[in-house]
Amino acid sequence: MFKKFLLIIALLFAGTAFAAVDVNKASAAELDGIKGIGPAMSEKIINERKASEFKDWNDFIGRVGGVGEKTAAKFSADGLTVNGKRFSAAAQAKADKKKEDAKAKEKPSAKDKKEPKAKKDKAAEPAAPAASTAK
């Protein structure tokens, strides 16, 4: 009976060790518990969170300096979530595709509207007269 009790206690501690830490709700100490996040990074995260909560992983990556896709994937694997969601490379690729499509649909800028300068075509130029060597 005592062994079963110890096993249950051990399982509860193991379960909390792998519990997800939500970036919008975590304290500095909880953020520091994620491998790769130290006091400086947790301070950056908390300062950005004070401005407004993170909407999703793209928002988190865009606002927190030093965090890219690879780092986000590592943080997520170690238990960090944004609004309860883990980082997904597929979701990131989909969001990037949406951004590219939105940029493509934007009106061309004034610089893009300019006509390219006509290039000189050497073949179209008249040939220079051959120098005569008559004596």
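This is a short walk through the structure shown above, from the whole chain down to a few of its residues.

The model is a predicted one, so local features need pLDDT of at least 70 and side-chain atom pairs count only at pLDDT 80 or more, while totals for chains, interfaces and linings use all residues. Residues are numbered from 1 along each chain as its sequence is written, and side-chain values use heavy atoms, with hydrogens and water left out.

Let's begin with the overall plan. The chain has 7 helices and 2 strands; helices (H or I, at least four residues) and strands (E, at least two) are DSSP runs, numbered from the N terminus. Read from that end, the order is α-β-α-α-α-α-β-α-α. Of the 135 residues, 22% count as buried, where buried means under 20% relative accessible area, exposed over 50% and partly exposed in between, using a 1.4 Å probe and protein chains only. A contact means heavy atoms within 4.5 Å. Among contacts between residues at least 6 apart in sequence, 49% join residues at least 24 apart.

Now look at the aromatic rings. A pair of aromatic rings is described by the distance of the centres and the angle of the planes. Rings of Phe, Tyr and Trp (its six-membered ring) pair if their centres lie within 6.5 Å; planes under 30 degrees apart count as stacked, over 60 as edge-to-face and the rest as tilted. The structure holds 3 aromatic pairs. One of them joins W57 and F60, edge-to-face, at 5.5 Å centre to centre and with 85 degrees between the planes. Why are W57 and F60 separated by about one helical turn? Because they are 3 residues apart in helix α4 (residues 57-63). W57 also pairs with F87: their ring centres are 5.5 Å apart and their planes stand at 75 degrees, so this pair is edge-to-face. W57 counts as buried at 7% relative accessibility, and F87 counts as buried at 12%. Together, ring pairs link F54, W57, F60 and F87 into a cluster.

Just after α5, G79 takes a positive phi of about 115 degrees.

Finally, meet two charged residues. Lys and Arg count as positive and Asp and Glu as negative; His and the chain ends are not counted. D22 is found in strand β1 (residues 21-22). D22 is buried yet has no salt bridge, and the nearest side chain of opposite charge, K25, is 4.5 Å away. A salt bridge is a side-chain nitrogen of Lys or Arg within 4 Å of a carboxyl oxygen of Asp or Glu. Not counting residues up to four places away in sequence, D22 touches T81, V82, N83 and G84. R49, in helix α3 (residues 39-51), is buried with a relative accessible area of 17%. Leaving aside neighbours within four places in sequence, the contacts of R49 include K25, F54 and R63.
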